[in-house]
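Subject: Structure handover

Hi,

Here is the structure I promised to pass on. My notes follow below it.

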Amino acid sequence: MAGQHMALVDVDPHAPTEPEVTIPVFKRLCAPQGLATKRQLRARGLRPGGQGPVAEVETRGPRNGLLYEIAKARPVRPMTLAKEYALDKAMAARQTCRSCHRRYHFVLPTSLTSCLECHDGTPADPATYTPPPAPGAHQLAA
Ligand SMILES: [Zn+2]
């Protein structure tokens with residue numbers, strides 16, 4: 001019979017537009033080489049990088065772990081730390097009083113170069129700032 005060898009496509013008008021992709025599931029510790037979970041990628045300094053999981057692996061937990069292709073993984077953004085440091089420096093400048101050098105947990109009014117306590121004597125809540133480093137103390141961020 002003609003056409004019988006062809007794969008039948010079951011068209012369901014109520015099916016979600018995004019068909020559920022079936023990916024292989026491996027037993028615990030039986031995942032093939034070249035695949036890794038996000039945590040394993042992370043341990044190598046990698047991230048999935050846009051690829052979707054290609055397989056699952058059974059875990060001791062209730063949910064399967066998702067496996068990604070190591071070959072398609074991308075390095076964790078190397079700029080992150082430097083960017084964070086730069087951002088923190090910029091933030092610190094906006095949060096630190098230039099008079100008493102306390103660093104507040106909020107951005108100081110841009111019209112002032114000092115905190116309110118230095119500006120007009122309004123006492124600052126000690127819970128809202130980090131005291132300035134003691135003289136002679138080691139400054140890790142210096
Ligand atoms: Zn101040």
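Start with Gln51. Leaving aside neighbours within four places in sequence, Gln51 is in contact with Tyr68, Glu69, Lys72 and Ala73. Contact here means heavy atoms within 4.5 Å.

Before the rest, the ground rules. This is a predicted model, in which local features need pLDDT of at least 70 and side-chain atom pairs count only at pLDDT 80 or more, while totals for chains, interfaces and linings use all residues. Residues are numbered from 1 along each chain as its sequence is written, and side-chain values use heavy atoms, with hydrogens and water left out.

Back to Gln51. It lies in the loop between strand 3 (46–47) and strand 4 (55–57). Helices (H or I, at least four residues) and strands (E, at least two) are DSSP runs, numbered from the N terminus. The relative accessible area of Gln51 is 14%, so the residue is buried. The cut-offs are under 20% for buried and over 50% for exposed, with partly exposed in between (1.4 Å probe, protein chains only).

The Gln51 side chain reaches two backbone oxygens. One belongs to Glu69, at 2.9 Å. The other belongs to Pro48, at 3.3 Å.

Next, the metal site. A zinc ion is coordinated by the SG atoms of Cys97, Cys100, Cys115 and Cys118, at 2.3 Å. Donors are N, O and S atoms within 2.8 Å of the metal (3.2 Å for Na, K and Ca); water is not among the atoms, so sites may look incomplete. The four donor atoms subtend angles of 102 to 117° around the zinc ion, so the arrangement is tetrahedral. For four donors, that label requires all angles to lie between 85 and 135 degrees. The spacing of the donors along the chain is C-x2-C-x14-C-x2-C.

Cys97 and Cys118 link distant parts of the chain, 21 residues apart. Cys97 sits in the loop between helix 2 (80–95) and strand 7 (103–104), and Cys118 in helix 3 (residues 116–120). Cys97 is buried, at 0% relative accessible area. Cys118 is partly exposed, at 35%.

Finally, the whole protein. It has three helices and eight strands. Their order along the sequence is β-β-α-β-β-β-β-α-β-α-β. Of the 142 residues, 18% are buried. Among contacts between residues at least 6 apart in sequence, 51% join residues at least 24 apart.

Best wishes

Notes:
Polar contact = N/O pair within 3.5 Å; in protein donor to acceptor, adjacent residues only side chain to side chain. Tetrahedral: all angles 85-135°; square planar, octahedral: opposite > 155°, others 65-115°.
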